[in-house]
Amino acid sequence: MEDDLKPRFIESLQRNNDQIREDRARTIGADSELIYRRRVEDIELKIKRLEREQEGLIDISPLDRNSLTFADFQPEAFVQKDIEYSLTLRNLNIQLEIAVKRFEYLFGKTF
């Protein structure tokens, strides 16, 4: 019965350099791929949220259904914020494009 048990510790000590390197490479590769994928997904989420916020800027609905008075709309603030959102979105889209290409290059998988 004792012969059936395989001592993991002893087996680990008996592994050769190639086996050790392969195990370490798989572990490092898997962790890196997961972190890279999450980073790309985070960028995608930021883009979606920012696009929604930017669309929300143009909501100048009346205060209520019967009113002809619009919410306090400040054109200067609108223009400034819209340009900021546009520039941030542009930068995020560039980051996303680069991150996706690098992910595919590094890990040999399509995103």
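This report describes the helices, the surface and the aromatic rings of a predicted model. Local features need pLDDT of at least 70 and side-chain atom pairs count only at pLDDT 80 or more, while totals for chains, interfaces and linings use all residues. Residues are numbered from 1 along each chain as its sequence is written, and side-chain values use heavy atoms, with hydrogens and water left out.

The chain has three helices and zero strands, in the order α-α-α. Helices (H or I, at least four residues) and strands (E, at least two) are DSSP runs, numbered from the N terminus. Of the contacts (heavy atoms within 4.5 Å) with a separation of 6 or more, 68% join residues 24 or more positions apart.

Of the 111 residues, 14% are buried. Buried means under 20% relative accessible area, exposed over 50%, and partly exposed in between (1.4 Å probe, protein chains only). The chain exposes about 9800 Å², and carbon and sulfur atoms supply 52% of this area, by the Shrake-Rupley method with a 1.4 Å probe.

There are four aromatic pairs. Rings of Phe, Tyr and Trp (its six-membered ring) pair if their centres lie within 6.5 Å; planes under 30 degrees apart count as stacked, over 60 as edge-to-face and the rest as tilted. Two of the pairs are listed here.

| Pair | Centres | Planes | Class |
|---|---|---|---|
| Tyr36 and Phe103 | 6.2 Å | 50° | tilted |
| Phe103 and Phe111 | 5.3 Å | 85° | edge-to-face |

Tyr36 lies in helix H2 (residues 17-57) and Phe103 in helix H3 (residues 75-107), so their pair ties together parts 67 residues apart in sequence. Phe103 is buried at 0% relative accessibility, whereas Tyr36 is partly exposed at 26% and Phe111 is partly exposed at 31%. Tyr36, Phe103, Phe107 and Phe111 form one aromatic cluster.
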